[in-house]
Amino acid sequence: PPPSPPHTSPFSSHAPPPSISEMSTDAALRQVLSEQGISKKLPNKVELRYVDLCTVVLAFPAVPKVSEAEVRTRKVYLCVGKYALWLIRHDLQCTIRGGEIKYQSLEKIVVDTDSRTRAMIVLSGHRPEELPARLLISSESRFNLLEHLAVCFVTEAMIRTAQVVKFPQEHLRLDSVREPWLLAALSGAGAPPPGGREVLPFRGCRQLQIKDYLFFIRNEFEVSTTSSGSSVLALTAPASLLTGGSGWFGGGGQGTVELSVHVYQPVPLSHLVRIGRDHIRWVALEYKQALVSSPTCYVMVNQAYLKKMNLANDIAAWVCWEFILKEKEYTSCVVVLRRQYIPPLMDRVQDFAVVARCRTELFNSGKCTEEDLMHQAHLVADTLGPEAEHVSLYPSVVQAKLDALLYDEEAYAWMKTRLRMEPDGTTKLLMYGWIFVGGVARILLSEGLLGHFELAHEAEKQVHRLSEREEQGLNELDPLYIATRVLACPAEGLPENRAHYDQEDWAAERAWQARVAQYLTYCLDGGLFGKRLTFSDIVDILTTGCAAEVAAKLDRLVAFLLHLRRAGCSQPVPGDVSVQARLLALGLTAPPPASPAEAGDGEAEILFTDRAMLLLLERGYFRKLMPYRGKEGLSGRQELSKDGGLSVHYANFLGHLLQSSHSSTTLKAAACRQAIAAQDAEQGAALCAPLLQVMAHGGLFLATYACAALVNLSQAQDTVKSCLMDGGVVEVVLQQLASNDSDLTLYSLMLLVHLTKLTHHRHRWMQAGLVDVLVNILTSTYGVLQYKHRIITELCSVLGQMCNHEETREKLCDLGQSQVIECLLHVFETAEGVRREPPWSEARPSLGDEQWGPLPAAAAKVTSKVLFTLKQLAANTPSAKELIGRRAIWHIVLDLRCEANLEHLDWALNAITLLVLLAVSRRNVDLILDANWPETLRVLSGAEGCGETMRHRIAQIEERVADFAPS
């Protein structure tokens with residue numbers, strides 16, 4: 001039946017809306033709503049799942065002739081609750097009359113196929129009498145709105161009826177419905193003509209949709225997954241798309257190009273640091289790790305990518321990363337994208353991935369290149385954008401979040417430049433921020449430490465502009481007074497009298513003060529003065545030295561901005577103490593817990609301003625506070641040693657940062673770099689347990705950094721090696737070697753070079769099965785030397801040292817393990833230039849049959865370690881000596897004849913040592929003589945770089961040649 005018209009306008013109602021306390025997980029949004037006094041009017045709390053600002057059009061066809069006055073168009077907040085829909089006025093004062101729509105009165109949803117924003121809600125006879133039977137809504141986030149509505153509708157219906165129900169949704173072109181009331185409603189929606197501003201696909205392309213995003217794709221691609229609402233869309237196309245021809249190759253079948261688009265759920269900005277994804281590069285590393293299936297895989301491209309199109313006029317920021325993985329079977333091109341500061345609240349990020357792959361044989365045939373495949377991924381990445389055009393934001397809510405300081409430093413800078421919005425509000429954050437940085441500028445100016453003399457006057461002008469009335473002495477306020485007293489409490493949201501505080505109020509005030517420290521750090525680090533005055537400048541002044549009074553003032557300021565505190569502490573951070581005093585008070589110079597179980601509960605966790613901590617760490621401030629003083633001399637004093645030394649207190653401090661769950665990935669990487677740069681790692685044992693925890697649980701990027709730090713700390717430090725072996729490094733390293741990540745494998749092998757020098761350590765590695773793992777890596781990577789030469793170099797060093805155990809050496813030389821020598825000889829011949837498949841990275845000139853040009857530096861390094869390992873393997877095995885001699889002696893003797901090669905002392909020593917070992921049989925001696933040994937001996941005798949050890953071994957070769965020479 002036709003709906004009856006309402007007696008009064010629903011928008012004139014003063015009916016109270018539902019409880020907004022759980023309208024969103026966003027605290028600032030709840031604060032804005034509570035400021036309007038809405039929650040105080042509510043008798044009951046109604047939990048809401050989703051809120052969207054929509055345009056609602058109400059038309060009442062019961063009137064004989066519909067006029068424009070009877071079509072009412074309003075902006076409302078459409079709230080999806082557990083049991084009902086709620087329509088709240090745009091000013092948040094109340095709901096419209098009849099604004100509660102029970103789900104049992106919802107008959108169906110009609111989605112307009114000719115629009116990206118419109119949908120119609122059809123209500124049954126049990127609807128509120130103030131509403132018509134049909135509501136036309138226009139939402140910029142139509143997909144998300146309907147998705148949340150479907151979940152809540154189905155859940156409520158199943159609970160109410162105990163039956164499985166389906167969400168009543170259908171798709172229809174609303175323009176095709178020739179009803180006067182609907183035409184009037186469509187004209188009253190105020191939307192642009194369908195497709196009027198839509199960018200059409202390029203020639204030869206079409207447009208596809210995944211969730212609420214659109215992109216262009218070549219017409220040759222066919223969709224292989226058709227499930228609606230899926231977060232993954234897979235497509236395939238014939239290989240002729242890349243080759244321009246038939247695409248036939250290899251085994252006679254036609255290859256295909258596979259392309260998939262992945263859309264992940266939005267994540268709050270504040271969660272990124274906790275989950276270790278605060279940069280798109282970390283997400284790309286996880287994606288790369290998921291795609292790598294064997295050690296033969298190598299990375300050809302790994303770099304940032306710039307998205308080139310914005311077809312939907314999206315105000316969000318896009319950051320991208322791309323890489324190319326090449327394996328024996330498939331080559332994959334991946335573009336990982338992040339849409340950051342997503343409207344309308346600008347507090348979410350959403351990640352995407354575009355993966356294109358085809359068989360590697362197609363590229364090896366020369367019919368196309370990897371760039372042709374990457375172009376298909378770039379087309380999708382560049383055209384990817386939200387379904388709704390000109391997505392707007394909620395300025396009042398965003399400003400409220402800014403005034404509550406609920407964004408990070410990067411978001412403040414982005415919103416200032418893109419949205420022209422800054423934190424301010426009734427607390428006057430912007431004005432006091434200018435007073436703060438102006439006070440710091442005056443302190444530096446008084447001592448002649450300010451590079452730009454106009455900054456103090458510029459800050460005064462800004463304060464005068466922002467102050468509502470002429471207040472005397474604002475610019476004379478001390479910066480520390482501003483931070484600790486003026487901004488100690490927000491101007492609204494908490495009781496005016498602290499005597500009325502409860503426990504939640506005290507916790508809210510402490511959280512506010514921490515956010516103030518973060519905001520003032522942003523202001524001082526270029527947020528207001530740009531590059532003319534940054535936080536790094538302040539740290540450099542403290543590090544290089546200044547007057548004691550100025551240093552004390554700046555140190556107290558830095559201590560507040562750093563805001564060191566414990567998670568469960570209810571006391572404010574004192575404003576009159578130094579950074580060093582806070583470090584001592586919190587025990588950050590004491591040894592960190594050896595395991596997470598010893599760390600205790602989360603209330604003992606140390607919190608701080610991550611940006612300030614990062615800058616202080618990288619600029620050497622903490623190293624200066626905790627200097628390295630060397631060992632005690634005969635006098636009992638500790639003399640200052642190298643600046644690059646690692647003191648025990650500094651090592652303990654770095655350990656606390658590495659173990660903290662509140663440290664960002666960037667900060668933990670900076671802590672690892674401090675250990676990598678340490679010149680004297682005597683106190684490195686204090687970092688063993690924290691670095692091992694990062695290696696085991698920190699992800700690929702941090703595991704690589706932590707492993708590189710342990711490589712430096714364990715070099716010539718037996719104490720560190722013993723701590724690592726006792727701390728579980730065996731299991732961690734074996735797990736990393738199985739990751740198939742090139743960088744992580746490389747640094748793991750470099751660490752193994754240090755940890756396999758001692759006999760009892762080698763025995764533990766052998767019992768753990770390291771030899772089998774090393775053999776597997778060698779047999780998988782020897783054929784791609786041009787991409788894996790650094791890994792093979794370190795691998796040969798570890799294998800050679802493991803062969804000091806006779807049991808290991810015999811195992812590798814057995815008939816079943818003979819492929820080890822074959823792989824090493826293949827690497828040797830490839831590096832020597834004998835093999836051209838695959839070619840070495842540098843061409844080696846041939847100067848005739850009797851002479852070659854010098855070895856490239858990279859080839860000399862890998863060949864040196866191969867010769868060392870071959871010497872270890874052939875020590876007590878005559879058959880191995882014969883095999884190695886037949887394939888290596890001639891090349892070694894020729895290379896020793898080139899004086900330029902003798903500059904690589906490690907290579908020269910290993911080459912001569914191997915010749916000494918091989919020259920124990922007449923056949924090998926004949927090969928040495930056939931390679932014109934006398935001429936090589938003449939070059940070696942005249943070389944200036946040969947040491948005593950090398951000359952002694954040359955003499956040994958000469959003696960053995962003489963013994964087997966014919967009389």
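Colleague: Are Phe 153 and Phe 167 buried or exposed?

Modeller: A residue is called buried if its relative accessible area is under 20%, exposed if over 50%, and partly exposed in between, using a 1.4 Å probe and protein chains only. Phe 153 and Phe 167 are both buried. Please note that this is a predicted model, in which local features need pLDDT of at least 70 and side-chain atom pairs count only at pLDDT 80 or more, while totals for chains, interfaces and linings use all residues. Residues are numbered from 1 along each chain as its sequence is written, and side-chain values use heavy atoms, with hydrogens and water left out.

Colleague: How many helices and strands are there in the chain?

Modeller: Helices (H or I, at least four residues) and strands (E, at least two) are DSSP runs, numbered from the N terminus. The chain has 36 helices and 21 strands. Of its 967 residues, 52% count as buried.

Colleague: How many aromatic pairs does a search of the whole structure find?

Modeller: Rings of Phe, Tyr and Trp (its six-membered ring) pair if their centres lie within 6.5 Å; planes under 30 degrees apart count as stacked, over 60 as edge-to-face and the rest as tilted. The search of the whole structure gives 17 aromatic pairs. One of them joins Phe 153 and Phe 167 edge-to-face, with 5.6 Å from centre to centre and 70° between the planes. Phe 153 belongs to helix α2 (residues 142–161), whereas Phe 167 is in the loop between α2 and β8 (169–172), 14 residues apart. Ring pairs also bring Tyr 103 into a cluster with Phe 153 and Phe 167.

Colleague: Which charged ends sit over the ring of Tyr 330?

Modeller: A charge sits over a ring if NZ of Lys or CZ of Arg is within 6 Å of the ring centre and within 35 degrees of the ring normal. The charged end of Arg 357 is over the ring of Tyr 330, 3.9 Å from its centre. The charged end of Arg 359 is over the ring of Tyr 330 as well, 5.5 Å from its centre.

Colleague: Which residues of helix α12 are buried?

Modeller: The general idea comes first. An α-helix has 3.6 residues a turn, so residues three or four places apart point the same way. In helix α12 (residues 479–486), the buried residues include Pro 479, Leu 480, Ile 482 and Ala 483. These lie on the same side of α12 because they cover an arc of only 165° around the axis; the arc is that of the directions from the helix axis to the C-beta atoms.

Colleague: What do the buried residues of α12 pack against?

Modeller: Contact means heavy atoms within 4.5 Å. The buried residues of α12 pack against α10 (429–446), α13 (503–527) and α15 (548–562).

Colleague: Which atom does a side-chain oxygen of Asp 478 reach at the start of α12?

Modeller: A polar contact is a pair of N or O atoms within 3.5 Å; within protein, one must be able to donate a hydrogen and the other to accept it, and residues adjacent in sequence count only if both atoms are side-chain atoms. At the start of α12, the oxygen of Asp 478 comes to within 3.0 Å of the backbone nitrogen of Leu 480.

Colleague: Where is Tyr 412 found, and which residues does Tyr 412 contact?

Modeller: Tyr 412 is part of helix α9 (residues 409–418). With a relative accessible area of 1%, Tyr 412 is buried. Apart from neighbours within four places in sequence, Tyr 412 contacts residues including Leu 402, Leu 405, Pro 423 and Tyr 519. A polar atom of the Tyr 412 side chain lies 3.0 Å from the backbone oxygen of Tyr 407.

Colleague: What is phi of Leu 405?

Modeller: Phi of Leu 405 is near 60°, a positive value in a residue other than glycine. Leu 405 is in the loop between α8 and α9, and Leu 405 counts as buried because its relative accessibility is 1%. Asn 932 has a positive phi too, near 65°. With a relative accessible area of 31%, Asn 932 is partly exposed.

Colleague: Which residues does a cis peptide bond join?

Modeller: The cis peptide bond joins Pro 343 and Pro 344, with omega about 15°. Pro 344 is in the loop between β17 (330–340) and β18 (348–359).
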